[in-house]
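Student: Please take one part of this model and look at it closely with me. I would like one connected answer.

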Amino acid sequence: MFGLSEVALLLIVLIVLLGVRKLPGLVRSAGQATRVFKSEARALRTVDAPPTAGPVVEGTVLPRDDRS
């Protein structure tokens, strides 16, 4: 895995290559991509989760009154 010095060197190279003007746009798009990824992951978890039922109430079923 990368150490702290390698990550710092990589960031310095990115700043020099991309320029200071383009860096805020790059960070903004990375933040948006992260938000989209998190929301999609959250949506997948809620789809895969079993539906939660309300409390079970004991009782009897009454016949329906079909007067319409």
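Tutor: Helices (H or I, at least four residues) and strands (E, at least two) are DSSP runs, numbered from the N terminus. By that rule, the protein chain has two helices and zero strands. This is a predicted model: local features need pLDDT of at least 70, side-chain atom pairs count only at pLDDT 80 or more, and totals for chains, interfaces and linings use all residues. Residues are numbered from 1 along each chain as its sequence is written, and side-chain values use heavy atoms, with hydrogens and water left out.

Now take helix 1. It covers residues 4-18. The expected span of a helix is 1.5 Å times one less than its number of residues. For the 15 residues of helix 1 that gives 21 Å, and its end C-alpha atoms are 21 Å apart, so the two agree. Just after helix 1, G19 takes a positive phi of about 90°.

L18 lies in helix 1. Buried means under 20% relative accessible area, exposed over 50%, and partly exposed in between (1.4 Å probe, protein chains only). L18 is partly exposed because its relative accessible area is 32%. Of the 68 residues of the protein chain, 0% count as buried.

L18 also belongs to a nonpolar patch on the surface, along with others including F2, V13 and L26. Such a patch joins nonpolar side chains (Val, Leu, Ile, Met, Phe, Trp, Tyr) within 5 Å, from residues with over 30% relative accessible area and no salt bridge. Helix 1 gives the most to the patch, with eight residues.

Key:
Patch = residues over 30% accessible without salt bridge, like charges linked within 9 Å, V, L, I, M, F, W, Y side chains within 5 Å. Areas by Shrake-Rupley, 256 points an atom, 1.4 Å probe, with all protein chains shown as cover. Salt bridge = Lys/Arg side-chain N within 4 Å of Asp/Glu carboxyl O.
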